[in-house]
Amino acid sequence: MHYKQAALEMRKSIVDMIHHAKSGHPGGSLSATDILAYLYFEEMNVDPTQPKDPNRDRFVLSKGHAAPVLYTALAHRGFFDTELLPTLRKLESPLQGHPDSKKLVGVDVSTGSLGQGVSNAVGLALGAKLDNSSVRVYAVLGDGELQEGIVWEALMASVHYKLDNLVIIVDNNGLQIDGRNIDVMDLGTIDDKFRAFGLNTIEIDGHDYDQIEKAFATARETKGVPTAIVAKTIKGKGVSFMEDVPEWHGVAPSAEDLEAALKELSAQEVK
Amino acid sequence: MGLATRDAYGKTLVQLGAENKDIVVLDADLSKSTKTADFGKAYSDRFINVGIAEQNLMGIAAGLANYGKIPFASTFAMFATGRAFEIIRNSICYPNLNVTIAATHSGISVGEDGGSHQSVEDIALMNSLPNMEVIVPADARETEEVIKYAAQHKGPLYIRLGRLNVDDIFDEAYTYQHGKGVQLTDGDDVTIVATGLMTAKAKEAAATLKADGINARVIHIPTIKPIDRDIIEKAARETKFILTCEEHSVIGGLGAVVSTVTSETYPTKVVKLGMYDTFGESGTPAALLEKYGLTAENIVKIVKAHV
């Protein structure tokens with residue numbers, strides 16, 4: 001499947017599975033969909049038939065509450081059956097509320113407690129460096145997550161240890177649970193902060209496929225420093241009534257919402 | 001007087017580093033004190049100093065273990081278990097990763113640095129975590145064995161080490177058995193169950209008691225979790241009461257663990273010697289151990305009061 005088509009299928013699955021789970025985080029899953037679709041269907045060296053291959057690239061969903069976007073990427077990529085998706089958040093389901101590497105095939109790192117994923121990603125990238133391996137590590141962070149202190153500890157270390165095999169992507173949708181970042185705890189200019197910490201920093205529109213492709217290509221060519229991709233995104237992207245509405249951070253769509261969302265998504269042609 | 005357990009840790013790490021290239025050692029700007037600096041000197045490429053950032057210390061250790069390395073993460077017990085508690089829980093224990101946290105400067109025997117640096121809660125914190133196992137060696141020789149064991153252990157491990165030089169208890173023949181208590185003396189009047197630097201004091205107290213006609217069974221518990229239930233149940237059945245001794249809070253430490261076992265197997269009186277819901281303070285290690293009653297003399301006194 002082409003990654004652009006995958007993004008559309010993932011969006012449909014995201015709203016559907018969160019509707020069935022009756023709880024979950026649609027907004028921040030939909031904002032990161034284009035990036036994860038590109039990673040799993042184009043950028044990363046992964047093979048669903050060899051999910052534990054030591055030479056695979058690693059992915060860390062540091063914003064673990066966006067689990068549905070990871071689950072749909074893995075399912076549509078063939079790591080497990082898409083029929084598992086509606087079991088999200090149910091008892092005995094491997095699709096836990098936040099990703100659990102012990103329970104679900106394809107999940108490289110358990111996440112959920114914000115900030116820790118990027119620190120884990122630094123450890124993974126260091127491990128690959130110690131082995132002189134070509135393994136690359138990708139971590140997707142939320143913007144609200146940048147309020148956690150450990151993120152900056154990890155960024156310092158990523159530059160100090162010259163981890164050019166690490167790409168940190170910020171899903172900069174501007175919203176967090178209690179409202180807009182700017183009102184809750186202003187993050188200032190995110191890309192300037194990353195640059196000040198020494199990362200090769202690229203700003204893109206996180207829904208523009210040309211910009212996404214170019215940014216990851218640049219990251220690959222960059223030597224000696226890790227790359228940060230600050231992706232401006234729209235929370236709830238793809239479902240008009242969810243777009244840029246803070247209330248859709250952690251609410252499940254009703255049956256009517258789901259019908260409307262799927263209708264909209266089905267009408268979206270892949271360009 | 002023998003070496004401190006932290007010294008034995010540093011020496012053993014260097015030895016292991018030569019044998020196993022997957023061992024990676026991490027520190028948070030305290031490598032001269034934790035003794036990981038020796039490993040750093042010998043294998044600079046496999047030594048990761050994260051700076052003064054204990055949360056990131058644990059997060060990176062988790063990532064390295066996830067990749068397939070064998071990380072040992074070190075800093076003071078206070079900052080390892082206190083500052084980074086939730087990272088240990090969610091990044092290391094929840095995914096059940098092979099990370100060994102070897103924390104030094106535990107307990108009040110840190111001395112002059114005072115209460116802010118004296119961890120008396122770390123056993124309680126680490127014991128409470130699913131998948132985490134906890135070891136408190138008594139001397140340098142046992143530490144050597146424990147560190148060698150740690151390199152092969154599967155899952156998260158917390159090893160509690162000290163700054164202070166301690167008496168040697170074990171000789172070259174000693175082998176560490178994970179999850180097993182070690183009976184040092186036999187007796188049926190009382191069982192003294194001790195861990196860490198208190199084991200040497202329990203042994204000394206037993207010798208004094210013997211001279212006074214009281215036969216004390218001394219059991220050293222290196223593995224707080226998983227605890228050796230059998231050796232404790234047996235002691236509960238065969239001796240009149242149990243006294244637990246630890247350089248740690250009596251809340252959630254060895255005493256609490258032993259009480260849990262006896263209450264479930266053979267209820268008996270368990271008297272606890274340790275820190276009673278209090279912080280430490282500045283002073284020489286000897287003066288502090290004396291002030292808080294963590295001495296052989298006090299063990300003798302307590303046993304005589306209860307026999």
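Let me open with one residue pair: B:Thr100 has B:Leu157, in strand 6 of chain B, as its bridge partner. Keep in mind that this is a predicted model. That pair belongs to the pairing of strand 4 (residues 100-103) with strand 6 (residues 157-160) of chain B. The two run in the parallel sense, over four bridges.

Now zoom out to the sheet. In chain B, seven strands form an open sheet, ordered 2-1-3-4-6-5-10. The pairing is mixed. Which strands sit at the edges? Strand 2 (47-49) and strand 10 (223-225) of chain B, each pairing on one side only. On average, neighbouring strands in this sheet are turned by 20° against each other, direction ignored.

Two backbone details in chain B next. Some background for the pair: most residues other than glycine have a negative phi, and most peptide bonds are trans. B:His105 is not a glycine, yet its phi is positive, about 60°. You will find B:His105 in the loop between strand 4 and helix 7 of chain B. The second detail is a peptide bond. From B:Lys225 to B:Pro226 the bond is cis, with omega near 0°. B:Pro226 lies in the loop between strand 10 and helix 10 of chain B.

On to the domains. Chain B is divided into domain 1 (5-160) and domain 2 (182-306). Their C-alpha centres lie 26 Å apart. How many residues touch across the two domains? On the domain 1 side 22 residues are in contact, and on the domain 2 side 29. Look at domain 1 of chain B first. The elements giving two or more residues to its side are helix 7 (122-127), strand 5 (133-135) and helix 8 (140-150) of chain B. By class, that side of domain 1 has ten nonpolar, seven polar and five charged residues.

Staying in chain B, take a helix pair. Two packed helices are described by the angle between their axes and the distance between the axes. Helix 10 (residues 229-238) and helix 11 (residues 254-265) of chain B pack at about 65°, axes 9 Å apart. That angle makes helix 10 of chain B roughly perpendicular to helix 11 of chain B. The crossing of helix 10 past helix 11 of chain B is right-handed. From helix 10 of chain B, the contact uses B:Arg229, B:Ile232, B:Glu233 and B:Ala236. From helix 11 of chain B come B:Val258, B:Val261, B:Thr262 and B:Thr265. By class, this contact has four nonpolar, two polar and two charged residues.

Next, the interface between the chains. Here 26 residues of chain B are in contact with 23 residues of chain A. On the chain B side, the elements giving two or more residues are helix 4 (54-67) and helix 6 (85-93). Which element gives the largest share of that side? Helix 4 of chain B, with ten residues. The chain B side divides into twelve nonpolar, ten polar and four charged residues.

Helix 6 (residues 149-160) of chain A packs with helix 4 of chain B at about 65°, axes 9 Å apart. These two helices are therefore roughly perpendicular to each other. Helix 6 of chain A passes helix 4 of chain B in a right-handed crossing. Who meets whom? On the chain A helix we have A:Ile150, A:Glu153, A:Ala154 and A:Ala157. They meet B:Gln55, B:Asn56, B:Gly59 and B:Ile60 of helix 4 of chain B. The contact has four nonpolar, three polar and one charged residues.

Last stop, the sheet in chain A. Five strands form an open sheet in the order 1-2-3-7-6, and the pairing is parallel. Its edge strands are strand 1 (58-61) and strand 6 (200-205) of chain A. Neighbouring strands of the sheet are turned by 20° on average, direction ignored. Inside the sheet, strand 3 (residues 166-172) and strand 7 (residues 227-232) of chain A pair in the parallel sense over six bridges. One bridge there joins A:Ile168 to A:Ala228. Finally, helix 5 (residues 116-130) of chain A lies across strand 1, strand 2 (137-142) and strand 3 of chain A. Relative to strand 2 of chain A, helix 5 of chain A runs at about 170°.

Note on methods. Residues numbered from 1 in each chain as written. Chains lettered and ligands numbered in written order. Predicted model: local features only at pLDDT ≥ 70, side-chain atom pairs only at ≥ 80, totals over all residues. Domains from an automatic or database assignment. Contact = placed C-beta atoms within 7 Å. Nonpolar A, V, L, I, M, F, W, Y, C, P; charged D, E, K, R; others polar. Axes fitted to C-alpha atoms, helices over the stretch in contact; angles between N-to-C directions. Parallel < 35°, antiparallel > 145°, perpendicular 65-115°, else oblique. Left-handed = near helix turned anticlockwise from the far one by under 90°. Pairing = 2+ DSSP bridges.
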